[in-house]
Amino acid sequence: MAIVEVKVPQLSESVAEATLLQWKKKAGEAVAVDEILIEIETDKVVLECPAPAAGVLVEILQGDGATVAADQLIARIDTAAVAGAAAPAAAPAPAAVAAAPAVAAPAAAASQSKAGVAMPAAAKLLADNNLAASSVAGSGKDGRVTKGDVLAAVASGAAAPKAAVAAPAAIPTGAPTKVLPQVAMVAPDLGDRPEERVPMTRLRARVAERLLQSQSTNAILTTFNEINMAPVMEMRKRMQERFEKEHGVKLGFMSFFVKAAVHALKKFPILNASVDGNDIVYHGYFDIGIAVGSPRGLVVPILRNADQMSFAEIEKKIAEFGQKAKDGKLGIDDMTGGTFSISNGGTFGSMMSTPIINPPQSAILGVHATKERAMVENGQVVVRPMNYFAMSYDHRIIDGREAVLGLVAMKEALEDPARLLFDI
């Protein structure tokens with residue numbers, strides 16, 4: 001027997017612990033080297049834990065939903081074992097030893113000794129949904145009920161609810177007659193108004209924490225302006241085919257927004273600064289965060305040195321970030337840092353919003369849907385494709401003058417894109 005340990009990979013310095021998601025292999029199954037065994041969620045990214053060697057997964061030490069730390073042992077692989085062969089028995093848990101009967105139980109009963117036993121994360125979900133562990137089929141080691149088993153049972157409605165708490169035992173003669181009221185742990189009958197309680201993912205909890213931190217520590221104010229998108233739309237339409245043929249990527253609007261933002265940040269460096277205690281930190285580089293919606297929640301990957309990137313490089317990087325976010329493959333390095341952010345709610349149809357600053361940054365640009373509107377130009381009513389921009393800023397270090405003029409600089413750059421070429 002040659003046992004290889006499976007450990008939690010290294011986490012970033014700012015991450016103390018992580019959560020195991022769902023094991024992709026069960027104890028006793030064969031695994032190939034570098035095959036993904038489980039995904040591990042931190043408050044920033046989802047990490048993949050590959051098998052360090054080929055063999056049989058003989059023991060899983062931490063089940064679905066367990067909280068783990070970097071380098072913690074979570075499983076063992078026997079590189080000499082054959083799939084389907086009997087795995088070595090793990091040391092019995094203390095509780096199991098204490099409860100063992102004096103007379104040996106039949107082998108079949110022993111193999112089912114863990115059936116109906118819930119893993120810690122699963123136990124909480126069972127309690128939240130008022131379910132008995134014995135009513136859910138367990139897929140974990142020795143029939144243990146995992147978090148995934150409970151979620152599947154709740155979704156299918158197959159699990160039976162726990163019975164009401166049993167009535168208290170008869171009160172012995174001479175005992176006080178006062179009896180405390182018994183509270184039955186039975187979910188209320190909601191009829192056609194069902195509810196579902198699902199714990200926040202680490203990412204969602206972290207996003208919530210940072211948003212509250214931003215609103216409690218920044219003096220947030222938002223300024224608005226309207227942008228005539230006709231010049232950008234005309235240039236994009238004229239160059240789209242040649243651009244895509246030359247660079248292999250479509251020319252979108254986000255590259256224009258990034259270029260316009262950098263243009264304004266150069267004119268008003270305070271918009272690109274951050275607060276550190278009683279100091280203002282001016283950044284001599286332009287790392288632009290692009291807010292991206294993903295199945296796990298909001299993430300903000302960073303375009304580093306955006307001022308040095310071409311339109312094509314920006315579009316390619318944004319497309320790469322979008323695919324990584326969709327697949328849950330964004331790394332910690334992809335989302336660390338940033339001096340200014342852009343949130344494009346217009347892709348979902350948003351007409352107006354007041355974006356929240358992404359700490360420790362001091363400003364964020366919100367972009368919205370472009371719609372044709374009646375505008376007055378030279379005393380005449382004309383139809384123009386208009387977009388409303390909103391820039392939220394930390395009023396502790398950014399005055400209204402710089403914020404308004406910064407947004408005006410973005411407006412002028414987009415309404416006359418040639419300014420971006422000549423930096424004027």
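Trainee: How do you know that the span of helix α10 agrees with its 16 residues?
Mentor: This is a predicted model, and in it helix α10 covers residues 400-415. At 1.5 Å a residue, its 16 residues should span 22 Å, and because the end C-alpha atoms are 22 Å apart, the two values agree. The buried residues of α10 include Glu 402, Leu 407, Met 410 and Leu 414.

Trainee: What makes α7 count as mostly covered?
Mentor: Of the 14 residues in α7, 12 are buried; among them are Met 254, Phe 256, Phe 257, His 263 and Leu 265.

Trainee: Why is the contact between Lys 329 and Glu 48 called a salt bridge?
Mentor: The cut-off asks for a side-chain nitrogen of Lys or Arg within 4 Å of a carboxyl oxygen of Asp or Glu, and the closest N and O atoms of Lys 329 and Glu 48 are 2.1 Å apart, so the pair qualifies. This pair links distant parts of the chain, with Lys 329 in the loop between α8 and α9 and Glu 48 in strand β5, 281 residues apart. The structure holds 15 salt bridges.

Trainee: Why are Lys 329 and Glu 48 called partly exposed?
Mentor: Buried means under 20% relative accessible area and exposed means over 50%, with partly exposed in between. Lys 329 has 41% and Glu 48 has 34%, so both values fall in between and both residues are partly exposed.

Trainee: What makes Glu 59 and Arg 76 a salt bridge?
Mentor: Their side chains meet at 2.8 Å, N to O, which is within the 4 Å cut-off. Glu 59 lies in strand β6 and Arg 76 in strand β8, so the pair ties together parts that are 17 residues apart in sequence. Glu 59, at 16% relative accessibility, counts as buried, whereas Arg 76, at 24%, counts as partly exposed.

Trainee: How do you know that Arg 304 and Asp 287 form a salt bridge?
Mentor: The closest N and O atoms of Arg 304 and Asp 287 are 3.6 Å apart, and because the cut-off is 4 Å, the pair is counted. Arg 304 is partly exposed, with a relative accessible area of 36%, while Asp 287 is buried, with 8%. Elsewhere, salt bridges that share partners join Lys 317, Glu 320, Lys 324 and Asp 334 into one network.

Trainee: How many aromatic pairs does the structure hold, and why is the pair of Phe 256 and Phe 311 called edge-to-face?
Mentor: The structure holds 2 aromatic pairs. The rings of Phe 256 and Phe 311 lie 5.0 Å centre to centre with 65 degrees between the planes; centres within 6.5 Å make a pair and planes over 60 degrees apart count as edge-to-face, so the label follows. Phe 256 is in helix α7 and Phe 311 in helix α8, 55 residues apart. Phe 256 is buried at 2% relative accessible area, and Phe 311 is partly exposed at 22%.

Trainee: What makes the pair of Phe 257 and Phe 389 edge-to-face?
Mentor: Their ring centres are 5.6 Å apart and their planes stand at 85 degrees, so this pair is edge-to-face. Phe 257 sits in helix α7 and Phe 389 in strand β19, 132 residues apart, and both residues are buried.

Trainee: Is Thr 339 buried or exposed, and how do you know?
Mentor: At 2% relative accessibility, Thr 339 counts as buried, because the cut-off is under 20%. Thr 339 is found in the loop between α9 and β16, and its C-alpha atom is separated by 7.4 Å from that of Gly 289, 50 residues apart along the chain.

How values were computed:
Residues numbered from 1 in each chain as written. Predicted model: local features only at pLDDT ≥ 70, side-chain atom pairs only at ≥ 80, totals over all residues. Heavy atoms only, no water. Helix = DSSP H or I, 4+ residues; strand = E, 2+ residues; numbered from the N terminus. Expected span 1.5 Å × (residues − 1). Buried < 20%, exposed > 50% of the residue type's maximum accessible area, 1.4 Å probe, protein only. Phe/Tyr/Trp six-rings, centres within 6.5 Å; stacked < 30°, edge-to-face > 60°.
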